[in-house]
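The numbered points below follow the display of the sequence and the model.

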Amino acid sequence: MMLPRFVLAQADSVRIKANEQQLRFGIDISRPIMNAIFDSRKSYEFSVDYHLPNDLYLVAEGGFGGSDIQYSELKYTSSNSFFKIGVDKSMLPRLFPGDWDFLFVGARYGIASIKRSEASFTTKDPVWGTTTGQIPATSFVGHWAELTAGLRVGLLKGFF
């Protein structure tokens with residue numbers, strides 16, 4: 001007869017002072033690279049996060065950008081700016097006071113202001129022929145929610 005076995009595991013961690021704080025400013029470095037590759041669009045994104053008790057991080061993100069679409073069948077320009085606010089929760093305990101690496105899940109609420117210029121279009125059809133037209137310029141506000149997950153690892157002091 002096989003008896004059930006119970007396995008207990010223990011993880012040791014260093015006690016971290018409750019008043020330890022971290023304020024981090026960030027820039028998405030992939031955006032300038034993508035801007036150089038795709039000259040028809042530009043975007044920039046920034047972030048700020050603040051360490052709260054229980055390994056929660058209050059996060060604010062923002063950015064702006066635009067595009068210049070110049071296809072043979074469609075032409076318009078657009079611009080936008082956005083702001084997001086939310087929280088991240090670390091899924092791993094900090095091992096020592098200077099340990100700011102973390103695996104996280106989070107949630108965000110976002111709002112954006114979007115403007116599009118007048119758009120001109122052309123459609124070609126073998127039966128109905130070619131049609132051209134204009135769509136009036138518009139501005140609108142977009143809202144959304146995001147679920148996020150990621151890993152942040154310190155590569156150099158102050159660079160993650």
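1. Contacts along the chain. The model under discussion is a predicted one. Taking the contacts in the chain between residues at least 6 apart in sequence, 54% join residues at least 24 apart. Buried residues account for 21% of the 160 residues in the chain.

2. Overall composition. The secondary structure amounts to one helix and eight strands. In sequence order, the pattern reads β-α-β-β-β-β-β-β-β.

3. Confidence. The average pLDDT of the chain is 86, and 88% of the residues score at least 70. Over residues 1-16, however, the pLDDT is below 50, and this stretch has eight contacts in the model beyond near neighbours in sequence. Among the elements, strand β4 (residues 74-90) has the highest mean pLDDT, at 96, while strand β1 (residues 23-27) has the lowest, at 88.

4. The helix. Helix α1 spans residues 30-37, and P32 is one of its residues. How exposed is P32? P32 counts as partly exposed, because its relative accessibility is 38% and that class lies between the 20% and 50% limits. P32 and K42 are 10 residues apart along the chain, and their C-alpha atoms are separated by 8.0 Å.

5. The pairing of β3 with β4. Which strand pairs with β3 (residues 56-70) over 15 bridges? The partner is β4, and the two strands run in the antiparallel sense. A hairpin of three residues joins β3 to β4. Within this pairing, V59 stands opposite G86 in β4.

6. Further partners of β4. Strand β4 also pairs with strand β5 (residues 102-116), again in the antiparallel sense, over 13 bridges. Here S81 stands opposite S113 in β5. K75 stands opposite S120 in β6.

7. The loop between β2 and β3. Two residues with positive phi, neither of them a glycine, deserve attention: N54, at about 65°, and D55, near 55°. N54 lies in the loop between β2 and β3, and D55 is found in that loop as well. Are these residues buried or exposed? N54 counts as exposed, because its relative accessibility of 64% is over the 50% limit. D55 counts as buried, because its value of 17% is under the 20% limit.

8. The largest pocket. The volume of the largest pocket is about 750 Å³. Its lining comprises 29 residues, and R24, G26, I27, S47 and F160 are the closest to its centre. The elements that give two or more residues to this lining are β1, β2 (41-52), β3, β4, β5 and β8 (138-152). Strand β8 provides the largest share, six residues. By type, the lining residues divide into 13 nonpolar, six polar and 10 charged.

9. The second largest pocket. This pocket has a volume of about 180 Å³. Of the 13 residues that line the second largest pocket, S43, E45, G65, N80 and F82 lie nearest its centre. Strands β2, β3, β4 and β5 each supply at least two residues of the lining. The lining residues of the second largest pocket divide into five nonpolar, five polar and three charged.

10. Which elements give two or more residues to the lining of the largest pocket? Among them are β2, β3, β4 and β5, and these strands each supply at least two residues to the lining of the second largest pocket.

Conventions: Residues are numbered from 1 along each chain as its sequence is written. This is a predicted model: local features need pLDDT of at least 70, side-chain atom pairs count only at pLDDT 80 or more; totals for chains, interfaces and linings use all residues. Side-chain values use heavy atoms; hydrogens and water are left out. pLDDT is the predictor's confidence in each residue, from 0 to 100. Helices (H or I, at least four residues) and strands (E, at least two) are DSSP runs, numbered from the N terminus. Contact means heavy atoms within 4.5 Å. Two strands pair if DSSP finds at least two bridges between them. On a 1 Å grid over the protein atoms alone, a cavity is a set of points where a 1.4 Å probe fits but cannot get out, and a pocket is an open set with protein on both sides within 12 Å along at least five of seven lines; lining residues have an atom within 4 Å of a point. Grid points are joined across faces, edges and corners, and a volume is the space filled by probe spheres set on the points. Ala, Val, Leu, Ile, Met, Phe, Trp, Tyr, Cys and Pro count as nonpolar, Asp, Glu, Lys and Arg as charged, and the others, Gly among them, as polar. Buried means under 20% relative accessible area, exposed over 50%, partly exposed in between (1.4 Å probe, protein chains only).
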